[in-house]
Amino acid sequence: NNIAICLSGDLDPDKTVASIEKYFGNWKPSAHIDVPQFPAQPALTAPVDTTVVGKEAPMLFMGWRADASKSLQLDTLEVIAQLLSNGQAGLFDLDLSQKLKVQEVSAGIADMDEYSVFYVYGQPKSGQTLQEVRSLALSEIEKLKTSFDVEKKSWADEKSLLVQRAETAEAALKEVTTELTGVKNHVSHMV
């Protein structure tokens, strides 16, 4: 039900089909495909720092576990990733890349079936350490969190002001409604 045989090169079609029939021809599709079930992963309670040594240029990956790909959380994380790095006006773009504080830095999500990952990727410029790239990226994330908290307080203050104005208007309307009801009653007794 879910297999593909991929071949490339200078193939003789008759011999290739015969070979496939010989080795795979007796395979039958299953009526049911089991989806493996895995236990939930334990919570991450502390950072896990891993160093991999290779021939590539130094790079930094930081990741935070997120919900599965079908979760609405990923929409929020995608907005956050775009606020941090969108190639032009994200916080990473404006404060780090364009000001040449790092070689490269970006944020994104990798959505997967069981868990997804919100990640930050960075490359240091010449003479810069990965720890410096990490600190710069985390400070931009903190800026975003702080500005969101300020906005959230501003929204709460605005909401409070709007509720207060609505209550004042409602009280004023109540007085007018009471007065008009009295006038209506007075007029109806006159007739």
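Analyst: One cut-off first: a residue counts as buried under 20% relative accessible area, exposed over 50%, and partly exposed in between. By that rule Asp157 is partly exposed, since its relative accessible area is 43%. And keep in mind that this is a predicted model.

User: Noted. What does Asp157 form a salt bridge with?

Analyst: With Lys153; the closest N and O atoms are 3.0 Å apart. Both residues lie in helix α4, 4 residues apart, which is about one turn of the helix.

User: And Lys153, buried or exposed?

Analyst: Exposed, because its relative accessible area is 52%.

User: How many salt bridges does the count come to?

Analyst: The count comes to 4. Another one is between the side chains of Asp95 and Lys143, at 2.8 Å from N to O. Asp95 lies in helix α3 (residues 91–97) and Lys143 in helix α4, so this pair ties together parts that are 48 residues apart in sequence.

User: Which other residue does Lys143 form a salt bridge with?

Analyst: Glu140, with the closest N and O atoms 3.2 Å apart.

User: How do they come out on accessibility? Start with Asp95, buried or exposed?

Analyst: Asp95 counts as buried, because its relative accessibility is 15%. Glu140 is buried as well, with a relative accessible area of 4%. Lys143 is partly exposed at 42%.

User: OK, switching to the sheet. What's the strand order?

Analyst: It's an open sheet of 3 strands in the order β1-β3-β2, and the pairing is antiparallel. β1 (60–66) and β2 (104–110) stand at the edges with a single partner strand each, so one side of each has no neighbour in the sheet. On average, neighbouring strands are turned by 15° against each other, direction ignored.

User: How many bridges join β1 to β3?

Analyst: 7 bridges, with β3 covering residues 116–123. In that pairing, Leu60 sits opposite Gly122 in β3.

User: And how many join β2 to β3?

Analyst: Also antiparallel, and joined by 7 bridges. Ala110 faces Val117 of β3 there. β2 and β3 make a hairpin, with 5 residues between them.

User: Which helix lies across the strands?

Analyst: Helix α2 (residues 73–84) lies across β1, β2 and β3, and runs at about 170° to β2. Helix α4 (residues 130–190) packs on the sheet too, touching β1, β2 and β3, and its direction makes about 40° with that of β1.

User: Now the loops. Where does Ser69 lie?

Analyst: In the loop between β1 and α2. Ser69 counts as partly exposed because its relative accessibility is 29%.

User: What does Ser69 touch, leaving out residues up to four places away in sequence?

Analyst: Leu74, Asp111, Met112, Asp113 and Ser116. Take Ser116: Ser69 and Ser116 are 47 residues apart in sequence, but 6.2 Å apart in space, C-alpha to C-alpha.

User: Which residue has a positive phi although it is not a glycine?

Analyst: Leu100, with a phi of about 55°. For context, most residues other than glycine have a negative phi. Leu100 sits in the loop between α3 and β2, and with a relative accessible area of 60%, Leu100 is exposed.

User: Last one, the surface. Which residues make the nonpolar patch?

Analyst: Ile3, Ile5, Leu7, Leu11, Tyr23, Phe24 and Trp27 make a nonpolar surface patch of about 720 Å². Of those, Ile5 lies in the segment before α1 (13–24).

User: And why does Ile5 count as partly exposed?

Analyst: Because its relative accessibility is 40%, and partly exposed is the range between the buried cut-off of 20% and the exposed cut-off of 50%.

User: Great, that covers what I wanted.

How values were computed:
Residues are numbered from 1 along each chain as its sequence is written. This is a predicted model: local features need pLDDT of at least 70, side-chain atom pairs count only at pLDDT 80 or more; totals for chains, interfaces and linings use all residues. Side-chain values use heavy atoms; hydrogens and water are left out. Two strands pair if DSSP finds at least two bridges between them. Helices (H or I, at least four residues) and strands (E, at least two) are DSSP runs, numbered from the N terminus. Axes are lines fitted to C-alpha atoms, for helices over the stretch in contact, and angles run from 0 to 180 degrees between N-to-C directions. Contact means heavy atoms within 4.5 Å. Patches are made of residues with over 30% relative accessible area and no salt bridge: like charges are joined within 9 Å, nonpolar side chains (Val, Leu, Ile, Met, Phe, Trp, Tyr) within 5 Å. Accessible areas come from the Shrake-Rupley method with a 1.4 Å probe; for residues, only the protein chains shown count as cover. Buried means under 20% relative accessible area, exposed over 50%, partly exposed in between (1.4 Å probe, protein chains only).
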